[in-house]
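Biologist: Could we go through this model together? Please show it first.
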Amino acid sequence: MLLPALALLCTTLTLALAQGPPQTQPKTIIIDTDIYSDVDDLGALAIANILSNFGLAELKGVVVSTGSEYGALAVDAVNTYYGNGHVKIGAIRPLTQDTFVDRWGWTLGEYASKVAHHFPRALRNATETPNPVTLYREILADAAVNSLTIISIGFLTNLADLLESGMDEISPATGADLISYKVAELVVMGGNYPSGWEYNFAGVDPNVAHRVISNWPKNVPITYSGYELGSQIWTGQHLAQEASADSPVLAAYQWYGDRCNTTLKSYDPVTVLYGFLGLGGWAELGLPPMFEYANADGYNSVNAVDGINTWVEDASVRNQHWLRLRPDITVSDVEEVLNRLLVQSPHVVEGRQGGIIEDLLRSQLRI
Ligand SMILES: *[C@@H]1O[C@H](CO)[C@@H](O)[C@H](O)[C@H]1NC(C)=O
Ligand SMILES: *[C@@H]1O[C@H](CO)[C@@H](O)[C@H](O)[C@H]1NC(C)=O
Ligand SMILES: [Ca+2]
């Protein structure tokens, strides 16, 4: 009889899909972004969507620290493009209708409002989003112990608000306690290592960076991706040739770049890549281990007034590290991986929630 055979096949397929990728239990991720001016936040978010679709980790939420209503809308357009319009978004208040003007070099363009208006999205208006602290507290309250990775690729405003939040109707725990119980790792694009000036810490609100870095619970690891790492990695140069014509990444990079030049330093994409991969690689996707800690111990100190960070030697503090590339990995190896991900079409990974057809995926990624 045909029917039971078909039923069996369906059951087998369902089981295979339900098993997920071999060996790893996907971790859960929240991205905290200052999406607005530099388009590398949007590239980083695209990479997070793709790696999430591959099953490497699950993107749970995105919080925005910049006031323009176009930030949350652009985030949602990117998530929607990759089939993840369900991912929750939080946006800081008050909301404005600001659009970016490059008052430093007068060469770069604005992309957030354009992405928001020209790409399909599930979120109708940024006013429908919760505040970042509310969304953080909801996701943290629901999360398993020690399960969440927070990847910060912008200002630390939302994290300061979370850290300093008190008990409320969402949870009887303070923000510091929620972080301490639920967060496995904070990954921060910020600072310059071992010491120096960097925009996310020093550019807008040094005091906020100082408070988060000095008061972060001591049991929760912090991993820093510094200026010196991302500024040597250039990506986006193959978008026009290799990305699909309907890609919001291609469009945003062209709108932003100097006369359509889509080649950019990759502070945020490299940070998201580490946040998903960690120190290990992902053999199923052909991704080798790429990063290592540059220090054994000590901690980061951020000056509350000028935002300059200094690494303090202290053998008793072991929860903080900054990243560098492993000696067997070159800058162009990382550029290659990021570029492959940036041009990845969502259609390739559509519907693939399980750990099957890895070889096909690897050949699609060509890595
Ligand atoms: C969102 O809603 C606000 C308040 O109603 C309105 O002023 C704004 O124009 C809307 N934004 C968009 C992008 O539709
Ligand atoms: C694009 O920008 C990069 C980085 O600034 C630069 O090295 C490259 O020469 C630019 N390409 C063109 C065609 O201007
Ligand atoms: Ca950023």
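Biologist: What share of the residues of the protein chain count as buried?
Modeller: Of its 367 residues, 49% count as buried, that is, with 20 or more other C-beta atoms, placed from the backbone, within 10 Å of their own. Please note that this is a predicted model, in which local features need pLDDT of at least 70 and side-chain atom pairs count only at pLDDT 80 or more, while totals for chains, interfaces and linings use all residues. Residues are numbered from 1 along each chain as its sequence is written, with chains lettered from A and ligands numbered from 1 in the order in which they are written.
Biologist: How many helices and strands does the protein chain have?
Modeller: There are 16 helices and 13 strands; these are DSSP runs (H or I, at least four residues, for helices; E, at least two, for strands), numbered from the N terminus.
Biologist: At what angle do H2 and H14 pack?
Modeller: Helix H2 (residues 40-53) meets helix H14 (residues 331-342) at about 80 degrees, and their axes are 9 Å apart. H2 is therefore roughly perpendicular to H14, a term for angles of 65 to 115 degrees.
Biologist: Which residues make that contact?
Modeller: Gly-43, Ala-46, Ile-47 and Ile-50 do so from H2, and Leu-338, Leu-341 and Leu-342 from H14; contact requires C-beta atoms, placed from the backbone, within 7 Å.
Biologist: Turning to the sheet of three strands, what is its order?
Modeller: This open sheet runs S6-S12-S11 with antiparallel pairing, where strands pair if DSSP finds at least two bridges between them. S6 (195-196) and S11 (299-302) each have a single partner strand, so one side of each lacks a neighbour in the sheet.
Biologist: How many bridges join S11 to S12?
Modeller: Four bridges do, and Tyr-299 has Val-312 in S12 as its bridge partner.

Methods
A residue is buried if 20 or more other C-beta atoms lie within 10 Å of its own, exposed if 12 or fewer, and partly exposed in between; C-beta atoms are placed from the backbone. Axes are lines fitted to C-alpha atoms, for helices over the stretch in contact, and angles run from 0 to 180 degrees between N-to-C directions. Angles under 35 degrees count as roughly parallel, over 145 as roughly antiparallel, 65 to 115 as roughly perpendicular and the rest as oblique. Two residues are in contact if their C-beta atoms, placed from the backbone, lie within 7 Å.
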